[in-house]
Amino acid sequence: MVATGLRHAYQKLIVLDLDTFTVAPGDRHAVIGPNGAGKSTLLNLLAGTTRAQTATITYNGQVITRRSGAWRARAGIGRTFQHPAVYPDVTVLDCVRMGGWHHRHHPDRTPLEVLDLVGLIDHADHPAAVLSHGHRRMLDLAVALAGQPRVLLLDEPAAGLTDTDTARLLDILGGLPSWMAVVLVEHHMDVVAALATWITVLHHGRRHTDGPADTVRADPAVAALYLGAGGDDAAHR
Ligand SMILES: Nc1ncnc2c1ncn2[C@@H]1O[C@H](COP(=O)(O)OP(=O)(O)OP(=O)(O)O)[C@@H](O)[C@H]1O
């Protein structure tokens, strides 16, 4: 997946300005940065949730810039949301079935197996609305995994999780197939450290730094960026 000309503005406020962002099989690419840096905007443009203003996005050699999020999900670009929404009356199991409906004849995992993986098997028949915040997040991940994505875009998957759920999340993400590409937007640096091999740091919508994860995490300029940002953001580190 190659995105070029990723410039995005709300009114006159430019919130993202990247020349290019590429996603290749096997990537474990974290995108970090202070609040408002443009991380979710980037993910939303790649996922098709936000319509591109200037970007050109290709996937498997095909231009998909005008393709909807649903089309991209069917094509193998899965995502989770910073604020997962659920259909309140739909059961947890049916949510996962919907996530994988286009693979229903040859799924890698059945919906029940996906629910077992994310620790929600005991909630299969419950309406999604009764799930706790952390369990909604795990359901969101289950829905994305049920679609058997080749590119998985994760928007703060560890936000608000208990330590137990975070450990489970790390197990799940660590066990994803090596050919799958993962782009991870995350504030929890322990999760980034456990998963990412490459980090891009965004600041005011621009690329502040990028490089191998160990190098970027040790970069004093990156630490200073967060200290400068202060607030809740810095508290996660
Ligand atoms: N729908 C919108 N309308 C107007 N401004 C928006 C909208 N969505 C995002 N923004 C603004 O765009 C900027 C980038 O937001 P974005 O959510 O991409 O940042 P982020 O890096 O994901 O932040 P956070 O870590 O807080 O989630 C912010 O200043 C935000 O207020």
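At what angle do the axes of helix 4 and helix 5 cross? The crossing angle is roughly 140°, and the axes come within 9 Å. Axes here are lines fitted to C-alpha atoms, for helices over the stretch in contact, and angles run from 0 to 180 degrees between N-to-C directions. Helix 4 and helix 5 are therefore oblique to each other. In this scheme, angles under 35 degrees count as roughly parallel, over 145 as roughly antiparallel, 65 to 115 as roughly perpendicular and the rest as oblique.

The model is predicted; local features need pLDDT of at least 70, side-chain atom pairs count only at pLDDT 80 or more, and totals for chains, interfaces and linings use all residues. Residue numbers start from 1 along each chain as its sequence is written. Helices (H or I, at least four residues) and strands (E, at least two) are DSSP runs, numbered from the N terminus.

The crossing of helix 4 and helix 5 is right-handed. A crossing is right-handed if the near helix is turned clockwise from the far one by less than a right angle, and left-handed if anticlockwise. Helix 4 contributes Pro111, Val114, Leu115 and Val118 to the contact, and helix 5 contributes Met138, Leu141, Ala142, Leu145 and Ala146. Two residues are in contact if their C-beta atoms, placed from the backbone, lie within 7 Å. By class, this contact has nine nonpolar, no polar and no charged residues. Ala, Val, Leu, Ile, Met, Phe, Trp, Tyr, Cys and Pro count as nonpolar, Asp, Glu, Lys and Arg as charged, and the others, Gly among them, as polar.

Helix 3 (residues 92-99) packs on both of these helices. Against helix 4 (residues 111-118), the axes come within 9 Å and cross at roughly 115°. Helix 3 and helix 4 are therefore roughly perpendicular to each other. The crossing is again described as right-handed. Val92, Leu93, Val96 and Arg97 of helix 3 meet Pro111, Leu112, Val114 and Leu115 of helix 4. Seven of these residues are nonpolar, none is polar and one is charged.

Against helix 5 (residues 133-146), helix 3 packs at an angle of about 35°, with the axes 7 Å apart. This crossing is right-handed. Helix 3 supplies Val92, Cys95, Val96 and Gly99, while helix 5 supplies Leu139, Ala142, Val143, Ala144 and Ala146. The class count is eight nonpolar, one polar and no charged residues.

Two open sheets are described next. Strands of a sheet pair through backbone hydrogen bonds, either parallel or antiparallel. Two strands count as paired if DSSP finds at least two bridges between them.

Strand 3 (residues 28-32) pairs in the parallel sense with strand 8 (residues 181-185) over four bridges. Ala30 has Leu184 as its bridge partner in strand 8. Strand 3 also pairs in the parallel sense with strand 9, over four bridges. There, His29 has Trp198 as its bridge partner. Strand 9 and strand 10 run antiparallel and are joined by six bridges. Leu202 stands opposite Arg207 in strand 10. The hairpin of strand 9 and strand 10 has two residues between the strands, and His204 takes a positive phi near 50°.

The other open sheet has four strands in the order 2-1-4-5, with antiparallel pairing. Strand 2 (13-22) and strand 5 (62-63) stand at the edges, each with a single partner strand, so one side of each is left without a neighbour in the sheet. Three bridges join strand 1 (residues 2-10) to strand 4 (residues 56-59). Val2 stands opposite Thr58 in strand 4.

Helix 1 (residues 39-47) gives the most to the shell around the ligand, with three residues. The residues around the ligand are Tyr10, Val15, Gly33, Asn35, Gly36, Ala37, Gly38, Lys39, Ser40, Thr41 and Gln82. A residue is near a molecule if its C-beta atom, placed from the backbone, lies within 6 Å of it. By class, this shell has three nonpolar, seven polar and one charged residues.
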